[in-house]
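Hi,

Here is the structure I promised to pass on to you.

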Amino acid sequence: MSPRDLLVLVHPGMGFYDSVAKDIPLALLSAARNVDFLELGLVDQRVAGWKHTLDGFLRRTPAAVCFTALTGQQTKHALDTSRYVKSVDKRIPVVWGGIHPTFAPESTIRNAHIDLVVTGEAEYAFPEVLTSLQSGRAPVTQGVWTKRDREVLNTGPPPEGPELDGLGFPRLDLLDFRTYDQRAHLNFGNVFPVETGRGCTWHCAFCYNSSPHRRKRRSMSAERILEQVHHLRRYVRFDGVNFIDDNFFADAERVRKLPDLLAQAECRFVWGIETGVHELLATSEDLLLDLERLGLRWLSIGVESGSQRILDRVGKRLKVEQVRELNAKLSRTRISAMFNFMNGYIWEEDEDLKKTTSLMLQVLRDNPNASVQAFQAVVPYPGTRYFREFERAGLDTPQTLEAWGDCNPDDWLDQQPWMTKRRKRLLKTLYVASLFIDRKIHSHAARTGLWVLVLRTFRFVYRPLAWARLRFNSSFLPLEVVAFETVKRFTSGKG
């Protein structure tokens, strides 16, 4: 192939969290599944030596360098690298796709270092865009943003996404799996992701998912899920699979089919999912126990707040008592349940926060297999209803791509003039405490790495104080926050 037949795919780093966990770059591998007319080169900024790899590709003057980006740290690192690509050769087209460009396409395309933005799901748009770049013509597929001189052009909203069963397999052939077999998900060994669904029919104010998928849901069939697992097995030996799906149990018919199919599967593996409280409550205990017997080991469950007032305000359509009911139900199994809570809502008062931390601790007390996600601040991501409410409240939101780079739960609090210093200190303290209140550091972090060893040791000493922090909502003398942020700053710049 000629040099112009090379396409470079870049997975941006995420700072501190790259030293804790590192999944395969599934979004890029999925976007490229229909690109069979170009040589593909993968650059993962979480992998040592990525800069050397990128330089090798740039010397060949590729047809394009393509980035995927979530809002926050990935946006920042992707922009830094886009700037570098243009400094090497400004003729190389830089293409962005992913969640952030989909919700903020205009501020993304207006950046001087970006030539083209693909919004929505890339499987069908991406090949046509690449063909147009090779031929020098303007792309005509929907969902594409370009610019001519200072004029921004777009081809309209992205089309509805494809049916998942009809898609080919992600480009796993691009990976060196030895780079990614470091994750000890709940101590089940090497765990790799397999996508099984897209979209959500709920309409929570803070969630990006309802907008690009038009509040519709598409499920991969149970049969196709097993085909995806067997495809993964051709490339790597694994112990478990994390099914990527915003609400796995929403497709009740598919769930009912799973036991028979898993029992007949060519390989045995443990697996976990993300799903909702309502769906789990509607699932019989017999079916849950059957799925547990066939490998179901962990659940990720969105709760978001222990305050009914906040739940109602964000449109969660969930009752606090239902969370307690579900936790009691799951305690009768051996399935590990991780509940997700957030703080820092613009309507949140002290009493709301206390109700949330109280529910978090009750969940942990009542279920020995329960844990909680990191207790972080909700961020008004572009495209969400919470973003619009944030703006209607007269509060500032980022207007440039550079400014969006700091919009992640870790850094968001520092930028909010409407929040008092005392409140910021408390939320930061509760966040650090939540990391060490259970066994997350032992069960979800990579099995190797100096910082993981430090964090696990710290957890052993700090856990009693962490429990007290959450019980009393106390931020008195938060030395752990100072220590944690120092570690984070040191590791965020590595790589």
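Let's start with a term: a salt bridge is a side-chain nitrogen of Lys or Arg within 4 Å of a carboxyl oxygen of Asp or Glu. By that rule, the count is 35 salt bridges.

Before the details, some housekeeping. This is a predicted model, where local features need pLDDT of at least 70 and side-chain atom pairs count only at pLDDT 80 or more, while totals for chains, interfaces and linings use all residues. Residues are numbered from 1 along each chain as its sequence is written, and side-chain values use heavy atoms, with hydrogens and water left out.

**Salt bridges**

The general idea is simple: side chains of opposite charge can pair when their charged atoms come close.

Next, find Arg-198 and Glu-121, which meet in a salt bridge at 2.3 Å, N to O. Arg-198 belongs to strand β9 (residues 197-198) and Glu-121 to the loop between β5 (116-118) and α6 (122-135), so the link spans 77 residues of sequence. Arg-198 is buried, at 9% relative accessible area.

Then there is Glu-285 with Arg-332, where the closest N and O atoms of the salt bridge are 2.7 Å apart. Glu-285 is in helix α10 (residues 285-293) and Arg-332 is in the loop between α12 (320-331) and β14 (336-343), so parts 47 residues apart in sequence are tied together. Glu-285 is partly exposed at 30%, whereas Arg-332 is exposed at 52%. Elsewhere, salt bridges with shared partners join Arg-33, Glu-121, Glu-123, Glu-195, Arg-198 and Arg-218 into one network.

**Nonpolar cores**

A nonpolar core is a set of buried Ala, Val, Leu, Ile, Met, Phe, Trp, Tyr and Cys residues joined through side-chain atoms within 4.5 Å. The largest one has 103 residues, and those with the most contacts inside it are Leu-7, Phe-243, Phe-269, Trp-271 and Phe-339. Helix α17 (residues 421-436) gives the most to this core, with eight residues.

What does Phe-269 touch, leaving aside its neighbours within four places in sequence? Its contacts (heavy atoms within 4.5 Å) include Leu-226, Val-229, Phe-238, Phe-243 and Leu-294. A second, separate core has 22 residues, among them Val-43, Phe-57, Ile-114 and Val-117.

**A helix pair**

Now turn to helix α7 (residues 222-233) and helix α8 (residues 252-263), whose axes come within 9 Å and cross at roughly 50 degrees. That makes α7 oblique to α8. Axes here are lines fitted to C-alpha atoms, for helices over the stretch in contact, with angles running from 0 to 180 degrees between N-to-C directions. Angles under 35 degrees count as roughly parallel, over 145 as roughly antiparallel, 65 to 115 as roughly perpendicular and the rest as oblique. On the α7 side, Ala-222, Glu-223, Ile-225 and Leu-226 meet Arg-254, Lys-257, Leu-258, Leu-261 and Leu-262 in α8.

Most residues other than glycine have a negative phi. Which residues have a positive phi although they are not glycine? One is Glu-304, at about 85 degrees. Glu-304 lies in strand β13 (residues 296-304) and counts as buried, at 5% relative accessibility. Another is Leu-477, with a phi near 50 degrees. Leu-477 is in the loop between α19 (450-472) and α20 (479-492), and it is exposed, with a relative accessible area of 55%.

Happy exploring!

Methods
Helix = DSSP H or I, 4+ residues; strand = E, 2+ residues; numbered from the N terminus. Buried < 20%, exposed > 50% of the residue type's maximum accessible area, 1.4 Å probe, protein only.
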